[in-house]
Amino acid sequence: MKLNYNDLLIEVEHHDIIVKEKPLKAYDGRIKGNKIFIRSNLKETQKVCVLAEELGHHHTTVGNILDQSDTGNQKQELRARIWAYNKLIGLNGIINAYRHGCCSLYDAANYLDVTEEFLSEALEYYKNKYGICTTIDNYVIYFEPSLGVFELL
């Protein structure tokens, strides 16, 4: 199921998290306690990606990880990002984009309501995790030489 910004806003309410859009300068998003701050001048597709990552921090991060020179903090940042990839895209999202007729990264990102950059980073993560290809249900997803989805008969 693909999620948009409003869907995520409803979900964060169930976790007693307050989302505020503000003119942030240093970050696109930030979580502090039960508040998530999102840069107000972002496009909606950017906001959904940022909100998903900040919600990922809520579920996976412990403590203050602003110092990204610390490798432990870098790992926690990546963990939150992976959580967001799986929340907004996942392997099923890739298959659904294919079934919807998406033929390019732009089409798939548009269908999934994420940015092309976010989708591209997610695909790179999945390639590193699964290798050249992976099988799920009756589909094979190829990550190299380029993204391809094939239905097994």
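In the predicted model, strands β4, β5 and β6 form an open three-stranded sheet in that order, with antiparallel pairing. Helices (H or I, at least four residues) and strands (E, at least two) are DSSP runs numbered from the N terminus, and two strands pair if DSSP finds at least two bridges between them. Four bridges join β5 and β6 in the antiparallel sense, and Ile141 stands opposite Val149 in β6.

Residues are numbered from 1 along each chain as its sequence is written. Because the model is predicted, local features need pLDDT of at least 70 and side-chain atom pairs count only at pLDDT 80 or more, while totals for chains, interfaces and linings use all residues; side-chain values use heavy atoms, with hydrogens and water left out.

Helix α4 lies across β4, β5 and β6 and runs at about 100° to β5. Axes are lines fitted to C-alpha atoms, for helices over the stretch in contact, and angles run from 0 to 180 degrees between N-to-C directions. In α4 (residues 90-99), the buried residues are Gly90, Leu91, Gly93, Ile94, Ile95 and Ala97; buried means under 20% relative accessible area with a 1.4 Å probe, protein chains only. Just after α4, Gly101 takes a positive phi of about 95°.

Helices α5 (residues 105-112) and α6 (residues 116-130) pack at an angle of about 105°, with axes 9 Å apart. The two helices are therefore roughly perpendicular, a class that covers 65 to 115 degrees. Leu105, Tyr106, Ala108, Ala109 and Leu112 of α5 meet Glu116, Leu119, Ser120 and Leu123 of α6 in this contact, where contact means heavy atoms within 4.5 Å.

Leaving aside neighbours within four places in sequence, Leu88 is in contact with Leu3, Leu8, Val48, Cys49, Ala52, Leu112, Val114 and Phe118.

Glu53 is placed in helix α2 and, at 9% relative accessibility, counts as buried. Apart from neighbours within four places in sequence, Glu53 contacts Glu77, Ala80, Arg81 and Ala84.

Key
Parallel < 35°, antiparallel > 145°, perpendicular 65-115°, else oblique. Buried < 20%, exposed > 50% of the residue type's maximum accessible area, 1.4 Å probe, protein only.
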